[in-house]
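Me: I am new to this structure and would like to learn how to read it. Could you take me through it one feature at a time?

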Amino acid sequence: MASQYCHVIFFGILLLITSAKAQPSFRPKALILPVTKHPATLQYLTSINQRTPLLPISLTLDLGGQFLWVECYTSYVSSTYRPARCRSAQCSLARATSCVTECNSPPSPGCNNNTCGLLPGNPIGLLATFGDVGSDVVSIQSTNGKNPGPFVSVPQLLFVCGSEFLLGGLANGVKGMAGLGRARISLPSQFSAAFSFNRKFAVCLSSSTSEKGVVIFGNEPYVFLPNVDASSSLIYTPLFINPVSTASSYFVGDPSTEYFIGVKSIKINEKLVPINSTLLSINKEGYGGTKISSVNPYTVLETSIYNAVTNAFVKEISRVPRVASVAPFSACFRSKNIGSTRVGPAVPQIDLVLQRQSVYWRIFGANSMVQVSNDVMCLGFVDGGVNPRTSIVIGGHQIEDNLLQFDLAASRLGFSSSLLFRQTTCGNFNFTTSA
């Protein structure tokens with residue numbers, strides 16, 4: 001849904017610094033959040049310590065989300081919660097120009113007069129509402145890129161209050177969503193401002209439901225057992241901004257905060273897949289292009305692209321018997337006829353060709369195939385229909401055990417391709433030994 005509120009752009013570096021002052025005694029170079037894969041929903045969950053007294057809050061990770069939003073109306077208790085007053089520096093930073101003038105309940109988190117508001121959304125449940133902007137204490141663990149370090153606090157981290165119905169479709173126990181998008185009050189932006197490190201972060205999602213992946217805010221290295229620095233072999237490609245918001249709720253005129261990359265073509269076994277290349281560009285209405293998502297469990301392709309990719313893949317793997325489709329997949333095969341490699345099932349490689357032919361994101365079997373039963377394996381791509389908002393949405397399964405570095409200052413993505421080639425995984429960050 002889109003609202004007709006006017007939109008104010010306000011630039012001011014002082015706001016970035018004063019919105020979330022950090023502890024002066026210890027200034028970390030990077031911060032970490034553990035990420036677990038929820039087996040029932042396939043959502044990627046993290047936990048953040050918020051409020052006074054501190055309470056761990058379970059959140060669904062939203063890579064392109066605009067900000068942190070937390071359900072406030074049923075059980076939010078904190079002595080340090082502060083509403084963001086209308087026309088304050090915090091509201092300007094959040095680009096929130098709407099103002100609550102009358103709340104019908106006693107003052108509490110999520111219900112305060114003279115408070116600015118934004119539109120928290122849940123892209124999984126396709127839900128959206130209006131919510132107050134506020135701030136509270138957040139505690140997060142530091143890291144040297146190899147081991148966890150001391151916890152540090154951000155006394156006034158901005159977030160948005162969401163109502164209970166917004167939790168529809170989220171994993172059981174989750175109380176909100178952690179937005180990592182290209183917005184000025186997303187978690188990466190606020191953490192980098194609070195501790196004066198570079199505006200970059202890395203995401204490494206584990207393919208295992210028992211081993212934790214990690215988000216690392218700040219600078220390299222990103223070291224995984226056995227002493228593999230995944231930042232040493234990144235390939236870089238530009239990030240693009242869609243001028244039209246792709247969020248589940250937004251103000252008219254907002255650009256998208258999601259992460260778009262410039263896929264130019266697709267190859268399977270190094271053979272070009274015939275697709276309509278105009279779908280790969282973002283048009284003036286904001287349709288088309290390629291984005292990376294942590295809320296889609298599998299890559300979603302516009303129908304004509306999906307059909308072309310599926311047909312080309314089936315042709316390249318014609319020696320393997322097909323079996324009946326298993327929803328939501330169409331191309332399924334008998335597992336016993338597919339060999340195994342270091343990087344997963346021995347199937348045709350899929351290349352997303354980027355700014356030039358020599359720069360491509362290679363998807364190996366571990367990221368292209370999904371084991372749906374003991375003896376059936378399917379190509380893990382989903383048909384997104386005709387004329388979807390975004391032509392290619394690279395989903396969670398395709399980015400598991402790949403390290404992705406989002407450099408907001410340089411507007412570029414660094415990607416590792418499969419870490420299995422380097423004999424490690426995203427589940428191998430050492431969370432147990434203190435620095």
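Me: In which sense, parallel or antiparallel, does β4 pair with β13?

Reply: β4 and strand β13 (residues 176-179) pair in the parallel sense, over 3 bridges. Leu61 stands opposite Ala178 in β13. β4 also has a pairing with β3: strand β3 (residues 44-50) and strand β4 (residues 55-62) are antiparallel over 6 bridges. In that pairing, Leu45 faces Thr60 in β4.

Me: How many residues lie between β3 and β4 in their hairpin?

Reply: There are 4 residues between them, and Arg51 in the turn has a positive phi of about 90°. As background, most residues other than glycine have a negative phi, and most peptide bonds are trans. The loop between β3 and β4 also holds Pro53, and the peptide bond that joins Thr52 and Pro53 is cis, with omega about 0°.

Me: Where is Pro226, the proline that a cis peptide bond joins to Leu225?

Reply: Pro226 lies in the loop between β16 (223-224) and β17 (228-229). Omega of the bond between Leu225 and Pro226 is about 0°.

Me: Is Asp401 buried or exposed?

Reply: Asp401 counts as buried because its relative accessibility is 6%, under the 20% cut-off. Although it is not a glycine, Asp401 has a positive phi of about 60°. Its place is the loop between α6 (396-399) and β35 (402-407). Asn269 also has a positive phi, near 50°, and is in the loop between β21 and β22. With a relative accessible area of 31%, Asn269 is partly exposed.

Me: Which residues is Ser391 in contact with, leaving aside its neighbours within four places in sequence?

Reply: Ser391 is in contact with Leu279, Gly288, Gly289, Val300, Leu301, Glu302 and Ile305. It is in the loop between β33 (381-383) and β34 (392-394). At 2% relative accessibility, Ser391 is buried.

Me: Which residues touch the most other members of the largest nonpolar core?

Reply: In soluble globular proteins, nonpolar side chains tend to be buried together. The largest nonpolar core has 74 residues, of which Phe191, Phe201, Phe217, Ile292, Trp361 and Phe406 touch the most other members. Helix α4 (residues 303-316) gives the largest share of this core, 7 residues. Another core lies apart from it, with 24 residues, including Trp69, Leu158, Leu170 and Val295.

Me: What is the volume of the second largest pocket?

Reply: Its volume is about 660 Å³. The lining has 34 residues, and Pro123, Thr246, Glu258, Lys291 and Asn296 are the closest to the centre. The elements that give two or more residues to this lining are β13 and β33.

Me: What is the mean pLDDT of the chain?

Reply: The mean is 93, and 94% of the residues reach 70 or more. Over residues 1-23, however, the pLDDT is below 50. Where pLDDT is low, the predicted coordinates should not be read in detail. Beyond near neighbours in sequence, the stretch of residues 1-23 has 50 contacts in the model.

Note on methods
Residues are numbered from 1 along each chain as its sequence is written. This is a predicted model: local features need pLDDT of at least 70, side-chain atom pairs count only at pLDDT 80 or more; totals for chains, interfaces and linings use all residues. Side-chain values use heavy atoms; hydrogens and water are left out. Two strands pair if DSSP finds at least two bridges between them. A nonpolar core is a set of buried Ala, Val, Leu, Ile, Met, Phe, Trp, Tyr and Cys residues joined through side-chain atoms within 4.5 Å. Buried means under 20% relative accessible area, exposed over 50%, partly exposed in between (1.4 Å probe, protein chains only). Contact means heavy atoms within 4.5 Å. pLDDT is the predictor's confidence in each residue, from 0 to 100. On a 1 Å grid over the protein atoms alone, a cavity is a set of points where a 1.4 Å probe fits but cannot get out, and a pocket is an open set with protein on both sides within 12 Å along at least five of seven lines; lining residues have an atom within 4 Å of a point. Grid points are joined across faces, edges and corners, and a volume is the space filled by probe spheres set on the points.
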